[in-house]
Amino acid sequence: MFDTFFGLPMHPLIVHATEVVVPIAALVLLLAAIWPRFRRWAKLLPLGLTLAALVLVPLSTESGEALEERVSESALIDTHADLAEGLLPWVIGMVLIAAVLFWWNLKKAPTTRAPKWVAIAIAVAAFGASSGTVVQAILIGHSGATAVWSEDMDTPAQ
C-alpha cells in the first residue's frame with residue numbers, strides 16, 4: 001500500500017512532509033508552553049500539528065519498510081530503520097503534552113492565574129519532548145541521507 005505512487009517510492013514523498021511537520025509541531029508546542037500570549041493565539045494549533053505528526057510518523061515508517069524491501073541490504077539502512085523506530089514515542093509525548101496544555105487552557109478562566117508550578121511543569125515537559133523529537137528527527141534524516149547517498153545504494157536488491 002505504501003510502496004509507490006505513480007512509479008515513485010512513497011517513502012521520500014511522505015518523509016519530506018514528516019520532516020517539515022514534526023519540527024514545526026515541536027517548535028509550536030514549545031512556544032505555546034512558554035509564551036502565554038502565543039498560547040492564547042495558537043489555541044488548537046499545537047494539538048493539531050502534533051496529531052498531524054502522529055499520523056505522519058507511522059506512514060513514514062510503513063513506507064520506509066516497503067522501500068527497504070526494494071533496495072539492497074546495508075548497515076546504513078538498518079541504522080536508519082532502527083533510529084526511525086525511536087521517533088514515535090517522542091511524538092506521542094508531544095501529543096500528550098499538547099493535549100494537557102489545551103485542556104489546561106480551557107480549564108482556567110481568563111482572569112485567574114494557575115499555580116506557577118503547573119506552567120513550569122508543562123514548559124519543562126514541552127522542552128524535553130520537543131528537544132528529544134527534533135534531535136531524533138535530525139538523526140533519522142541524517143542517517144537516511146547517508147544511506148541514500150552512499151555507494152552501497154548503487155545496486156538494486158535481487
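The chain exposes about 9700 Å², of which carbon and sulfur atoms supply 71%. The model is a predicted one, and its secondary structure comes to six helices and two strands, with the elements running β-β-α-α-α-α-α-α from the N terminus on. Of the 158 residues in the chain, 35% are buried. Among contacts with a sequence separation of 6 or more, 81% are accounted for by residues 24 or more positions apart.

**The pair α1 and α5**

Two packed helices are described by the angle between their axes and the distance between the axes. The axes of α1 and α5 come within 11 Å and cross at roughly 35°, and the crossing in which α1 passes α5 is left-handed. On the side of α1, the contact is made by Val-22, Ala-25, Ala-26, Leu-29, Ala-32 and Ala-33, while α5 contributes Met-94, Ile-97, Ala-98 and Leu-101. Sorted by class, this contact of α1 with α5 has 10 nonpolar residues, with no polar and no charged residues.

**Helix α4 and its cover**

Helix α4 spans residues 75-85, and within α4 the residues Ile-77, His-80 and Ala-84 are buried. Seen down the axis of α4, the buried residues fall within an arc of 60°, so they line one face of the helix. The face of α4 that is turned away from this buried side carries Ala-75 and Asp-82, which are exposed.

Asp-78 is 10 residues away from Glu-68 in sequence, and the C-alpha to C-alpha separation of Asp-78 and Glu-68 in space is 9.0 Å.

**Thr-18 and Ser-60, between α1 and α3**

Thr-18 is found in helix α1, and Ser-60 is found in helix α3. Thr-18 is buried, with a relative accessible area of 4%, and Ser-60 is likewise buried, with a relative accessible area of 9%. When residues up to four places away in sequence are not counted, Thr-18 touches Pro-23, Leu-56, Val-57 and Ser-60. With the sequence neighbours left out in this way, Ser-60 touches His-11, Ile-14, Val-15 and Thr-18.

**Lys-43 in a loop**

Lys-43 lies in the loop between α2 (36-42) and α3. Although Lys-43 is not a glycine, Lys-43 has a positive phi of about 50°. Why does Lys-43 count as exposed? The relative accessibility of Lys-43 is 61%, and Lys-43 counts as exposed because this value is over 50%.

**Accessibility of the residues discussed**

The table collects the relative accessible areas of the single residues described above.

| Residue | Relative accessible area | Class |
|---|---|---|
| Thr-18 | Thr-18: 4% | buried |
| Ser-60 | Ser-60: 9% | buried |
| Lys-43 | Lys-43: 61% | exposed |

Note on methods:
Residues numbered from 1 in each chain as written. Predicted model: local features only at pLDDT ≥ 70, side-chain atom pairs only at ≥ 80, totals over all residues. Heavy atoms only, no water. Helix = DSSP H or I, 4+ residues; strand = E, 2+ residues; numbered from the N terminus. Buried < 20%, exposed > 50% of the residue type's maximum accessible area, 1.4 Å probe, protein only. Arc of directions from axis to C-beta. Axes fitted to C-alpha atoms, helices over the stretch in contact; angles between N-to-C directions. Left-handed = near helix turned anticlockwise from the far one by under 90°. Contact = heavy atoms within 4.5 Å. Nonpolar A, V, L, I, M, F, W, Y, C, P; charged D, E, K, R; others polar. Areas by Shrake-Rupley, 256 points an atom, 1.4 Å probe, with all protein chains shown as cover.
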